[in-house]
Amino acid sequence: MTSTPRFITIKAPGNEELSRQLTSLLPPDAIQSNRAAIQKICYKCEKSTEDLKKCGKCKAVWYCSEQCQRADWKNHKPICNSADPEGFVRLQKLSQIFMANPILMLYIQKYCALTFGLTDSESDPNQPRRIFVDIGIEPVDITKCNQLFCTNDDVPTPIRGMVQVTTITKHPESELIPEDRMVIWRHSRKQVCDDGQDGEPVILVEYRLRENQSTITTAVTIPPPVLQMVRERKPYQCVSGIRGQFEKAMTEDNVLEMLNMMIRQDKRNQFRLQTDMVTSDIDIIQKIKQGGELSNSMKRFLLKRNREDIYKPILACSQSLSA
Ligand SMILES: [Zn+2]
Ligand SMILES: [Zn+2]
């Protein structure tokens, strides 16, 4: 039995300090304070107050009051009963830490600007847009990742993992965005316009960790400095032991690769995106070689593996597994 994927409403904090944060290192308390600044919305009335309370059972939705919780219970009950609170709380925590990080969000914003052509003069900021950000957990240590993927060796647990974005998918333009998500988009668009920033497009960014699990929907604005960076398309300067120094163009795939590389290079876990891998995380990587029908999570991992340079030196061992 699968539950209907559900979402909660969170709006990422603004980018007032964007330029400052870009040129300096991430201040030590930035993620914590940004996370605290994330604006949550009552699931029933969409009001945003300081003291929203989570549903005690599934921890997946917020309400401003008992009245709102009671009024929504008929809708919420079936989802609440079939929810996977532990898995969802994990997604909630990781996606909040992710979006509280202005450096990582900049990559998401650039990706949006590229994929939706937001720098085109005809691009309409009043058009609702939506992307899915698929999150996977991979070993921090690349050799452990390869061991899981290529061999039948027993890898001692616990395995230290980290967040990686496996794929980003655009909501198909020919399909309407569901009304429950549109509520979030309108809410954010109105705030942006009220602030006099009418030119800033608002994108719905929906985080997913597992199939058939609730998602986290957020609204992200794309401010002019980001659009300017995308217009300039300065290539990324990369260094590798094999290729030496080289440039990577600012394309959607490369922006995603750079984002994942940022998390990978965070050895001291300042981003707080490291987490011990649970059995289902390990299975996604380990069970691909068994063949048979691949889950979507496995397919996404394979796409990432074939896309990113980090795996190239050892890709040969697993060429036959390529999707
Ligand atoms: Zn309410
Ligand atoms: Zn609930």
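This is a predicted model: local features need pLDDT of at least 70, side-chain atom pairs count only at pLDDT 80 or more; totals for chains, interfaces and linings use all residues.

Visitor: Where is isoleucine 177, and what does it touch?

Guide: You'll find isoleucine 177 in the loop between strand 6 (160–170) and helix 7 (179–194). Helices here are DSSP runs of H or I with at least four residues, strands are runs of E with at least two, and both are numbered from the N terminus. Leaving out residues up to four places away in sequence, isoleucine 177 touches Pro128, Arg130, His171, Met182 and Leu204. Contact means that the C-beta atoms, placed from the backbone, lie within 7 Å. Proline 128 is 49 residues away in sequence, yet 8.0 Å away C-alpha to C-alpha.

Visitor: What makes leucine 52 partly exposed?

Guide: Its count is 18 other C-beta atoms within 10 Å, so leucine 52 is partly exposed. Leucine 52 sits in the loop between strand 2 (39–40) and strand 3 (53–54). Its contacts beyond four places in sequence are Lys40, Cys42, Trp62, Tyr63 and Cys64.

Visitor: Why are helix 5 and helix 9 called roughly antiparallel?

Guide: Their axes cross at roughly 170° and come within 9 Å. Axes are lines fitted to C-alpha atoms, for helices over the stretch in contact, and angles run from 0 to 180 degrees between N-to-C directions. Under 35 degrees counts as roughly parallel, over 145 as roughly antiparallel, 65 to 115 as roughly perpendicular and the rest as oblique. So helix 5 is roughly antiparallel to helix 9.

Visitor: And what makes helix 6 roughly perpendicular to helix 10?

Guide: Those axes cross at roughly 65° and come within 7 Å, which makes helix 6 roughly perpendicular to helix 10. Cys145, Leu148 and Phe149 of helix 6 meet Ile282, Ile285 and Gln286 of helix 10. By class, that contact has 5 nonpolar, 1 polar and no charged residues. Nonpolar covers Ala, Val, Leu, Ile, Met, Phe, Trp, Tyr, Cys and Pro, charged covers Asp, Glu, Lys and Arg, and the others, Gly among them, are polar.

Visitor: How do you know that helix 3 has a kink?

Guide: The bend at a residue is the angle between axes fitted to the seven residues ending there and the seven starting there. In helix 3 (residues 66–82) the kink is about 70°, centred on tryptophan 73.

Visitor: What is in the largest nonpolar core?

Guide: A nonpolar core is a set of buried Ala, Val, Leu, Ile, Met, Phe, Trp, Tyr and Cys residues joined through C-beta atoms within 7 Å. The largest has 53 residues, of which Cys112, Ile135, Val163 and Leu273 touch the most other members. Helix 5 gives the most to this core, with 7 residues.

How values were computed
Residues are numbered from 1 along each chain as its sequence is written. Chains are lettered from A and ligands numbered from 1 in the order in which they are written. Two residues are in contact if their C-beta atoms, placed from the backbone, lie within 7 Å. A residue is buried if 20 or more other C-beta atoms lie within 10 Å of its own, exposed if 12 or fewer, and partly exposed in between; C-beta atoms are placed from the backbone.
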